[in-house]
Amino acid sequence: MSRTALRICPLCEATCGLTLTIEGTKVTGARGDREDVFSKGFICPKGASFGAVDGDPDRLRTPLVRRDGELREATWEEAFDAVAAGIRPVVERYGANSVGVVLGNPNVHTMAGALYPGVLIAGLGTRSLFTASTVDQMPKHVSSGLLFGDANAIPVPDLDHTGHLLLIGANPLESNGSLCTAADFPGKLKALKARGGTLTVIDPRRTRTARLADRHIAIRPGTDALLLAAMTRTLFEEHLVDLGALAPHVDGLDELAEAVRDFTPEAVSEACDVDAPTVRALARELAAAPTAAVYGRIGSCTVPHGTLASWLVDVLNILTGNLDRPGGALFPQAATDRTPRPAGPGRGFRLARWHSRVSGHPEAKGELPLSALAEEIDTATAQGEPVRALVAVAANPVLSAPDGDRLDKALGSLDFMVSVDPYLNETSRHADVVLPPPPPSQSPHHDFAFNTLAVRNQVRYSRPAVPLEPGRMAETEILARLTLAATGMHGADPSAVDDLVIGQTLGKAVTEAHSPVHGRDPEELAARLTGESGPERRLDMMLRLGPYGDGFGARPDGLSLARLLDHPHGIDLGPLQSRLPQPLRTRSGRIELLPRPIADDLPRLREAARQRTEGLVLVGRRHLRSNNSWMHNVPALTGGTNRCTLHIHPEDAERLGVRDGAPVRVKGAGGEVTAPAEVTDGVRRGVVSLPHGWGHDRPGTRLSHAATDPGVNVNQLLDGSLLDPLSGNAVLNGVPVEVAPVAAR
């Protein structure tokens, strides 16, 4: 007998609502939930393959513990005993920073990943934190922190209402959106054009998104910040700056005008390979549009000037008066955000509060560059102990970080490693303990992070669609027990972690004058929380304290878990609204247009305007049917265009003697790989492209389908030395490479 259940899709940032068909305990089908308040029935190939992802036979079902050099099945009790025995002696002998924590991309797609790693890191007291953010989005966090005082205050384009959208380094028709949560991004772009709006795409590849555009600019990779700086200069030169309602909230306008004076369209034209009239036209069109938004993503982040490019995206939105207004770029307000505090000066945002031990990389947002993980393990210095133990949660840095071969060797030298992962993959194969979470159908879901980036305010929650199988453990309990075992509280009830967070949060809330529970008894408030588990009680607390919450009875029509459960398709909280100055946390309480770290980095950008890379440069690419390295084991999501091939322009192929389909050798600073050539005019001349996340050919993994067509690890072409200095983000795009056909034998 089949039944249906609702579930929010956890497979990308679009967070679409699904209706699952379930036979017994097996998910046999998935379709879009037409009544979902956010996605309204939209579904992509990943969501349609939810059942195949959920039921992958290679998913681990029981913990693994290394005994006599081999990973063997163990009980949960044995696994957590081994974690406590492996981590605590390292902390006690070498100090907290000798334990590293690595958080991967899938971590942000789960409730457990949102609720527990912060407690683990705080409990360990380690500064050795590495995440996927520094191979992806950290430049945007840093630029937002410097501009607005809050690294998580990221404005998103008002896709449903804008009349002019400029995308740089973004391909949402393949990625489904990133740092901009929007179900049916393709449909929203088509609706923009249907209402007479304009779509401009700046990308060295003619992506699916670029083919939809009214104007496509095939920029030279890595020069995004130069182009944006020249557009900014044009706005000042032609008196097109119009702050509008932003004027009372902005500092540094005159200083900014002086800082970009040298970036004329003529000065950047050769480096960008975009002629000066086109640069000026881009700026004029942006200024002339009644509503407009500039949106930059991974292509403009993973470059040598990623933070400057991310900063200039928002500078252009500010100078044209499009920040914080409908149709422009607005700050979302998630239901689980903290209680909005009164507007006013904040603590601001600081960089470089500490540095990495080996290369002295500055921290950003509490993180060190993932590119530095290998050297922090394998290099001895007088600056402290190396990382000797590692906790990896949903992370596969052997494939996602530069120079995976070095990291592969470094992981093998650790005193101890624990990995929370459903697979034995290229990274978790090194672990001494592997803790496998259950498949997504057996887990609850709420998007804590992505709702802070959503193009429409809404709130949704899915309880597990299928009960936990016997022998499984909820991911929330896994991370709670891991936290206890790693922080010296092994054996305590996992509910202690939730009770600690609830007590601390409510204890603070009752002391804050702007809180709806100011002056009340935190124990009485905790007793009123509802939910079937600690995580649900925490969600209830966050909803009730949040901007739409009931304030524990202070606002009877407000949100709570009980009310959310009464709306299985979610609750629509309305379109994005103007919110300034409330989100600002700078020391001045205003938008600081030219923060000192940005000003200090501009000379490096001026020097880049005088440089031009000769030869071929490498860029990555996204596939609609995968998400980094974690979906290549699902047959339904591989094949077709989702292949690991080197895209090369026909003229470059002819010059180098490369034939379509023939193997080519690609060599970079970190090594070389061999991949089939795919000759296409979808890349501009001088550019080659390899997709990210492949390279499933290492021994000791259990990824049977991925191993049949492993592809190559594009990040092995990088040696990890190229970073954006402000954010520590890896430079993955615009990297020089050599390409040659593989000689026939």
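Biologist: Which residues lie nearest the centre of the largest cavity?
Modeller: This is a predicted model. The lining of the largest cavity counts 13 residues. The elements that give two or more residues to this lining are strand 8 (156-157), strand 13 (293-296) and helix 15 (306-319). Nearest the centre lie K140, P155, Y295, G296 and V313.

Biologist: In what order do the strands of the 7-stranded open sheet run?
Modeller: Pairing in this sheet is mixed. From one strand to the next, the twist averages 20°. The order is 5-4-17-16-15-6-7.

Biologist: Which residue is the bridge partner of S419 in strand 17?
Modeller: Strand 16 (residues 416-420) and strand 17 (residues 433-435) run parallel. They are joined by 3 bridges. In strand 17, S419 has as its bridge partner V434.

Biologist: What angle does the direction of helix 19 make with that of strand 16?
Modeller: Helix 19 spans residues 475-486 and packs on the sheet. It touches strand 15 (389-393), strand 16 and strand 17. Its direction and that of strand 16 make an angle of about 160°.

Biologist: What is the order of the 3-stranded open sheet?
Modeller: Pairing here is antiparallel. The edge strands are strand 1 (2-8) and strand 3 (26-32). Direction ignored, neighbouring strands are turned by 30° against each other on average. The order is 1-2-3.

Biologist: Which residue in strand 2 is the bridge partner of R7?
Modeller: Strand 1 pairs with strand 2 (residues 17-23) in the antiparallel sense. The pairing covers 7 bridges. R7 has as its partner in strand 2 L18.

Biologist: R7 is also in contact with S443. Is S443 buried or exposed?
Modeller: S443 sits in the loop between strand 17 and strand 18 (456-459). Leaving aside neighbours within four places in sequence, its contacts are R7, P438, R463 and P464. Its relative accessible area is 11%, and the cut-off for burial is under 20%, so S443 is buried.

Biologist: How many disulfides does the structure hold?
Modeller: A disulfide needs two cysteine sulfurs within 2.5 Å. The sulfur of C12 has its closest cysteine sulfur in C44 at 5.1 Å, too far for a bond. For C301 the closest cysteine sulfur is in C180, 13 Å away, which is also too far. The number of disulfides in the structure is 0.

Biologist: Are C12 and C301 buried or exposed?
Modeller: C12 has a relative accessible area of 8%. C301 has 1%. The cut-off is under 20%, so both C12 and C301 count as buried.

Biologist: N176 touches both C12 and C44. How far is N176 from P556 in space, C-alpha to C-alpha?
Modeller: N176 lies in the loop between helix 7 (172-175) and helix 8 (185-194). N176 counts as buried, at 2% relative accessibility. Its contacts beyond four places in sequence also include A14, K46, A182, F185 and L624. P556 is 380 residues away in sequence, and the C-alpha to C-alpha distance is 37 Å.

Biologist: Which residue in strand 24 stands opposite K667?
Modeller: Strand 23 (residues 663-668) and strand 24 form a hairpin with 2 residues between them. They pair in the antiparallel sense over 6 bridges. Opposite K667 stands E672.

Biologist: What is the bridge partner of I648 in strand 24?
Modeller: Strand 22 (residues 646-648) and strand 24 run parallel. They are joined by 3 bridges. The partner of I648 is V679.

Biologist: How far apart in space are E678 and H649, C-alpha to C-alpha?
Modeller: E678 is in strand 24 (residues 671-679). At 24% relative accessibility, E678 counts as partly exposed. Not counting residues up to four places away in sequence, E678 touches R621, R643, T645, L646, H647, I648 and D660. H649 is 29 residues away in sequence, and the C-alpha to C-alpha distance is 8.7 Å.

Notes. Residues are numbered from 1 along each chain as its sequence is written. This is a predicted model: local features need pLDDT of at least 70, side-chain atom pairs count only at pLDDT 80 or more; totals for chains, interfaces and linings use all residues. Side-chain values use heavy atoms; hydrogens and water are left out. Two strands pair if DSSP finds at least two bridges between them. Helices (H or I, at least four residues) and strands (E, at least two) are DSSP runs, numbered from the N terminus. Axes are lines fitted to C-alpha atoms, for helices over the stretch in contact, and angles run from 0 to 180 degrees between N-to-C directions. Contact means heavy atoms within 4.5 Å. Buried means under 20% relative accessible area, exposed over 50%, partly exposed in between (1.4 Å probe, protein chains only). On a 1 Å grid over the protein atoms alone, a cavity is a set of points where a 1.4 Å probe fits but cannot get out, and a pocket is an open set with protein on both sides within 12 Å along at least five of seven lines; lining residues have an atom within 4 Å of a point.
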